[in-house]
Number of protein chains: 2
Amino acid sequence: MHAFAVPDLPEVRPGDSLADLVAERTDLADGDVVCVASTVVSKAEGRTASLSDYPAGPRAREIASRLGEITGDYKDPRFAQAVLEESVEVLMEAPFLLTETVFGHVGVNAGIDRSNTGDADFLLLPRDPTGSAERIREGLDADVAVVVTDTSGRPFRHGQRGVALGWAGIPASRDWRGETDRDGHELAVTVESVVDELAATANLVSGEGDAGTPVVVVRDFEFGDHDGSEELYREVADDFVRQALRGWEYARD
Amino acid sequence: MHAFAVPDLPEVRPGDSLADLVAERTDLADGDVVCVASTVVSKAEGRTASLSDYPAGPRAREIASRLGEITGDYKDPRFAQAVLEESVEVLMEAPFLLTETVFGHVGVNAGIDRSNTGDADFLLLPRDPTGSAERIREGLDADVAVVVTDTSGRPFRHGQRGVALGWAGIPASRDWRGETDRDGHELAVTVESVVDELAATANLVSGEGDAGTPVVVVRDFEFGDHDGSEELYREVADDFVRQALRGWEYARD
């Protein structure tokens, strides 16, 4: 398996075709997985926004005021309003704002990015990253898969890692259930989230910032003879951490 | 960046030198990252165990009885005893047993594996995976990094993905703090868990089960000019999900 960055991508602007920008710079082969950072997807889709677009309601003002007290860093209530409008549920209001986005991803500030924004105040995540992945895939001549990626923190472990937000041309996961080890025992690993692992691989190669290369091609990944699943985001009924967070309240020492 | 499996590894037995087994089958280059599944590390270190080694105390009996009721699948209390003895804290007793291992990893059943065990009842995780990684690294001639890997589920997202349990010759993460994007804004991504992303990459290649290849080499990964950190496992004070789980109790509908 190989992973390489697509070179010399220009600054992406609203209306740009990411498929064309990629195809002009690299020879894709059937079976390639094209991993595209959500930042450039958002830019191509014109998902920049301004604080003035989000007059703050009472809940946003309350959240921002509390976060200002806790972090010592004033958080504009209009930013909190933008996070709320991108979200279907608030999992944690403090000491940071953790929500579920409209498409199911759980992330801090609904994944809204305040770097990489050019002249705008911030960059929203794509509204429907799987739809974005499908459109990019349809624009490419080779029979590839497309994964729209982001980076995200997580409980239990420090640091961020690449995750998938949307995908097309590949199932979200592959299923090892029912398969056995060398001794005939059923495997402990059941369902492997390949799109997240592909996003992690891409993030090792892509870098960030000035020298960042937001599109990485993973070549010669073999999905193998497995059933696939399109499920990536857990439902609350199935997610005990989300249930625990519903009953939890941040308290300063 | 390339990733390839080390071919034709034999069944690993207690006392085997994993460094020798790998070096005999592949030409390693300086800078390679050798990702080794914890199962074969545990086998080489003789970390197989039998239920009869773990006479169950009252807490293990209580946990096993409750899990038996909930899951309908009887869980031997001696297995629960083994999990407790590998752990420093129980995060969740039901509907599955989630603990922090003695070396800091949070996993279901303390990562104890009931497949891939040969004649033994189960396979414990390495006692000190970073020590294991250091020993493997010292046994190799090339100047490589070694990552001991496992697969693990997570909140918010379905499926398992590769994670690092121990590492040597490479920092756990790289630090992007203070770096700026093309527009001069500070980056949102701060610390990237490269060892977890390397483990995820390896898991895409390694497969599982009969055809599993437990050692994967990642070549031409560039860490780049960044500060590194050796921290991977969060402390409770810094982990709000762990705090929330402390106050949470599973209740059946």
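1. On the cavity count, this predicted model holds 1 cavity of 30 Å³ or more, a cavity being a set of points, on a 1 Å grid over the protein atoms alone, where a 1.4 Å probe fits but cannot get out. About 70 Å³ of space lies in the largest cavity, where a volume is the space filled by probe spheres set on the points.

2. The lining of the largest cavity draws on both chains, with R154(A), R161(A), G162(A), V163(A), D196(A) and A200(A) alongside R154(B), R161(B), G162(B), D196(B), E197(B) and A200(B); lining residues have an atom within 4 Å of a point. Two or more residues each come from β9 (161–168) and α6 (194–206) of chain A, and from β9 (161–168) and α6 (194–206) of chain B. By class, the lining has 3 nonpolar, 2 polar and 7 charged residues.

3. In chain B, helix α3 (residues 58–71) packs against helix α4 (residues 77–85) at an angle of about 120°, and their axes are 8 Å apart. That angle makes α3(B) oblique to α4(B), and their crossing is right-handed.

4. On the side of α3(B), the contact (heavy atoms within 4.5 Å) involves R59(B), A60(B), R61(B), I63(B) and A64(B), while α4(B) contributes P77(B), A80(B), Q81(B) and L84(B). These residues divide into 6 nonpolar, 1 polar and 2 charged.

5. A note on conventions: residues are numbered from 1 along each chain as its sequence is written, and chains are lettered from A in the order in which they are written. As this is a predicted model, local features need pLDDT of at least 70 and side-chain atom pairs count only at pLDDT 80 or more, while totals for chains, interfaces and linings use all residues, and side-chain values use heavy atoms, with hydrogens and water left out.

Note on methods:
Axes fitted to C-alpha atoms, helices over the stretch in contact; angles between N-to-C directions. Helix = DSSP H or I, 4+ residues; strand = E, 2+ residues; numbered from the N terminus. Parallel < 35°, antiparallel > 145°, perpendicular 65-115°, else oblique. Left-handed = near helix turned anticlockwise from the far one by under 90°. Nonpolar A, V, L, I, M, F, W, Y, C, P; charged D, E, K, R; others polar. 1 Å grid on protein atoms, 1.4 Å probe; cavity = no way out; pocket = protein on both sides within 12 Å on 5 of 7 lines; lining within 4 Å.
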